[in-house]
Amino acid sequence: MISKEYQLGTLRACVVCGISKTKLLIDKLFVLNIYFFILYFMVEIALAWGLGWKYKFIYTGEEFIMFLGVVLLNFIVMIGMEMVAVIFTITVKNSGIVIAVSCVYFFAGAITYPMVYENFENRSIVVRIFCLLNPTTYMYNICGYRISANLIIGSLSYGIGMCLIGMILMHFILEKQEL
């Protein structure tokens, strides 16, 4: 969406009216994430209900709260990944390249982490850093219900940290850029 707006020039009209580029982009991302979360939540509820119905499973209150926690943690991690994609989009302004690189980055993590999961602490520093900076590491453990305090802290740190770093980078990149 963001790269398409760059290409069409729709962001330029708002900036001409006096709105800061950073505020404009953060507002757009906020609205986009609310919409994304509603869709994601509806899909997850539909899957939970459908699988529960198929296997005759009735959620208890505690299980449903755990399910909501899993959905929320995954969403926080996905926002972190989204911020990486947004920074890349602002930099290259080409949706095709951003989509390709984002997919390779995401799926490389999805392939790498399960292979190194068993002895993660004994792996090379490069592999560990790659896995810790990739959202699939957290999503793999969250969806596998390997919930621990370290996983929750790591997921929150990744999602919130990437958002903060992304917003700071976004501000500096946008200040130097023409729309």
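Predicted model: local features only at pLDDT ≥ 70, side-chain atom pairs only at ≥ 80, totals over all residues.
Let's begin with helix 4, which runs over residues 61–92. Helix 4 has 32 residues, and its first and last C-alpha atoms lie 46 Å apart, close to the 46 Å expected at 1.5 Å a residue. Just after helix 4 comes lysine 93, whose phi is positive, at about 55°.

Now bring in helix 3, residues 21–54. The axes of helix 3 and helix 4 come within 10 Å and cross at roughly 145°, and this crossing is right-handed. Sorted by class, the contact between helix 3 and helix 4 has 20 nonpolar residues, with two polar and two charged ones.

Helix 7 itself spans residues 135–143 and is mostly covered, with seven of its nine residues buried. The buried ones are Pro135, Thr136, Thr137, Tyr138, Met139, Asn141 and Ile142. Just past the end of helix 7, tyrosine 145 has a positive phi of about 55°.

To finish, zoom in on threonine 137, which lies in helix 7. Why does threonine 137 count as buried? Its relative accessible area is 4%, and buried means under 20%, so threonine 137 falls in the buried class. Which residues does threonine 137 touch, leaving aside those up to four places away in sequence? Its contacts are Tyr113, Cys131 and Leu132.

Terms used: Residues numbered from 1 in each chain as written. Heavy atoms only, no water. Buried < 20%, exposed > 50% of the residue type's maximum accessible area, 1.4 Å probe, protein only. Helix = DSSP H or I, 4+ residues; strand = E, 2+ residues; numbered from the N terminus. Contact = heavy atoms within 4.5 Å. Expected span 1.5 Å × (residues − 1). Axes fitted to C-alpha atoms, helices over the stretch in contact; angles between N-to-C directions. Left-handed = near helix turned anticlockwise from the far one by under 90°. Nonpolar A, V, L, I, M, F, W, Y, C, P; charged D, E, K, R; others polar.
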